[in-house]
Amino acid sequence: MTLNVLFAANEYRWQQYQDPLRDAFANAGLAVDLFTETDSPEIMDYIVFAPNGTVSDFSPFTRCKAVLNLWAGVEQVVGNQTLTQPLCRMVDAGLEEGMVEWVTGHVLRHHLGMDAQITQQDSAWNPVVPPLARDRTVTILGLGALGRACGEALAALRFNVVGWSASQKDIPGLTCLSGDDGLAEALRQAEIVVLLLPLTDATANLLNAERLALMPKGGVVINPGRGALIDDDALLAALNAGHIAHATLDVFRQEPLPGEHPFWAHPNVTVTPHIASETRPATASQVIAENIRRGEAGEPFLFLVDRAKGY
Ligand code: NAP
């Protein structure tokens, strides 16, 4: 049987994904007709979805067995009242590798004091020896697919890694905490904090003034999660007071970050344009194909979103 799959993302993504998806479907033994638009939503078996694409009302897709999100974050679609089909988020080996590299790079930048070490501009010989990773605590908020992988990579470099999540975890090499007391403890130890939480009602503004104040003076905030996890004004106040030494921010409440936002000009803020990690078409297409294979075989979908929790 030939399946009808609607690719509901923008034209740019279609250019990236059409060949990898066709390859992945063929390799999975799936016969698929791929559509980028349709006048017959009732014949679609699956939707490959990205926000800002062609679909916002899922109700006409009466035969659709699952909506397969191209991104790890689902905050823009999970609350859509027309979405009654199962929703799967993206867990992609390429995305994970990219995030591990970005997080490790930015942690090492701050751990080693690389900005201060680059002294050619003023010919200053300033031999400040950085501590070893074993003497530095990095706290990761969120121990899901990405937080865990980043935590394990940092632990392999011998950082003292503290992780925090909703449910208690047991991950070799990491100190795992949960609950409100666990968050306070994780932040008290956080010389560098990395946010890899999804954006939900429970996590919005999680890093507020009170919680920033728990961090050691001179702490660093690295946010590749979602902009609204942090109270912007509280972060700016903590930076201006010198309590937080630096913030490296990849995600923002409004993207692109508006030109007048104080983060742009702040000397102790690094802005990156939501590039911490992209879903990689080749590996992500295999995940999409595997989930369609599972749907057709009557097997449980991978990475099903818990609609009540919002992630
Ligand atoms: P995930 O596998 O769903 O993991 C989420 C983690 O957050 C889990 O450990 C979960 O705890 C924890 N969590 C959720 N709500 C919580 C709460 N209220 N209190 C404490 N912990 C909570 O997600 P992921 O794949 O690692 O991705 C994380 C986020 O990264 C995405 O949602 C997205 O926003 C962001 N992201 C950004 C980029 C970028 O380029 N900047 C790229 C990809 C993803 P449990 O394990 O107990 O459920």
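User: What does the ligand have 2.9 Å from a polar backbone atom of Leu143?
Analyst: An oxygen atom of the ligand sits there. A polar contact here is a pair of N or O atoms within 3.5 Å. This is a predicted model, where local features need pLDDT of at least 70 and side-chain atom pairs pLDDT 80 or more, while totals for chains, interfaces and linings use all residues. Residues are numbered from 1 along each chain as its sequence is written, and side-chain values use heavy atoms, without hydrogens or water.

User: Which residues come nearest?
Analyst: Of the 30 residues around the ligand, those are Arg89, Ser167, Lys169, Ser277 and Tyr311; a residue counts if one of its heavy atoms lies within 4 Å.

User: Why does the ligand lie between the two domains?
Analyst: Domain 1 (3-92 + 279-297) and domain 2 (94-271) both give residues to the shell, so the ligand lies between them. The bounds come from an automatic or database domain assignment.

User: Switching topic: what's the strand order in the open sheet?
Analyst: The five strands run S2-S1-S3-S4-S5, with parallel pairing. Strands are DSSP runs (E) of at least two residues, numbered from the N terminus, and two strands pair if DSSP finds at least two bridges between them.

User: How many bridges join S1 and S3?
Analyst: S1 (residues 3-8) and S3 (residues 46-49) pair over four bridges.

Methods
A polar contact is a pair of N or O atoms within 3.5 Å; within protein, one must be able to donate a hydrogen and the other to accept it, and residues adjacent in sequence count only if both atoms are side-chain atoms.
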